[in-house]
Amino acid sequence: MQKVWKIPLLLCLCWLLAGCENYPKDPNDTLAQVTGGTLVVGYSENPPWVTLGPNGHPGGVEADLVRGFAKTIQAQITWKRDTEQNLLEELEEKKLHLVLAGLTDDSPWKSKISFTRPYLEQGKKKHVFGVVMGENAFVTKLEKYLHQKEDSLKTRYGHATPQ
């Protein structure tokens, strides 16, 4: 009698696992679009997190991290400079993939956009990137990259990163 229940249970588990094949997902396929394509990144100066280099391109901790991430997914970066307010509005409207502005996880924008998990902690401030809401595969890929950089950030800046 017990064997009768095991077969349907096993079939249900297989069916559920098959549904998780492409998890996490991006409703708008952001990761698929930027991989080998173009990553559109908004930035607002906030030294040392984001600086304006002599050639007019962004520099600083966050710009360097995004350049490294873009290499891992073979993406070109299109940079857009503006105020933090304007960039976050464009991120909410899904016109950007990512915003760099020295953001911290206590931003009042947290109900309108998503943040990565903190990549660096200074005192009580946890530094994050602003990312488009709901694009979980893209955010997961970026967070894995940031996690790989935690030790070098800790060594470089001497600050503890959150677990």
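Biologist: What makes Glu90 and Lys80 a salt bridge?

Modeller: Their closest N and O atoms are 2.6 Å apart, and a salt bridge is a side-chain nitrogen of Lys or Arg within 4 Å of a carboxyl oxygen of Asp or Glu, so the pair qualifies. This is a predicted model, where local features need pLDDT of at least 70 and side-chain atom pairs count only at pLDDT 80 or more, while totals for chains, interfaces and linings use all residues. Residues are numbered from 1 along each chain as its sequence is written, and side-chain values use heavy atoms, leaving out hydrogens and water.

Biologist: Why is Glu90 called buried?

Modeller: Buried means under 20% relative accessible area, exposed over 50%, and partly exposed in between (1.4 Å probe, protein chains only). Glu90 has 14%, so the label is buried.

Biologist: Good, thanks! Which other salt bridge involves Arg81?

Modeller: Arg81 meets Glu45, with 2.5 Å from N to O. That pair links distant parts of the chain: Glu45 lies in the loop between β1 (38-43) and β2 (51-52), Arg81 in strand β4 (residues 76-81), and they are 36 residues apart. Helices (H or I, at least four residues) and strands (E, at least two) are DSSP runs, numbered from the N terminus.

Biologist: Let's turn to the interior. What makes a set of residues a nonpolar core?

Modeller: The members are buried Ala, Val, Leu, Ile, Met, Phe, Trp, Tyr and Cys residues, joined through side-chain atoms within 4.5 Å. The largest such core here has 28 residues, and Leu39, Leu65, Leu98, Leu100, Tyr119, Phe129 and Phe138 touch the most other members. α2 (30-34), β1, α3 (61-72), β5 (98-100) and α5 (136-148) each supply at least two of its residues.

Biologist: Which residues does Leu98 touch?

Modeller: Contact means heavy atoms within 4.5 Å. Not counting residues up to four places away in sequence, Leu98 touches Leu39, Val40, Val41, Gly42, Val66, Leu91, Phe129, Gly130, Val131 and Leu142.
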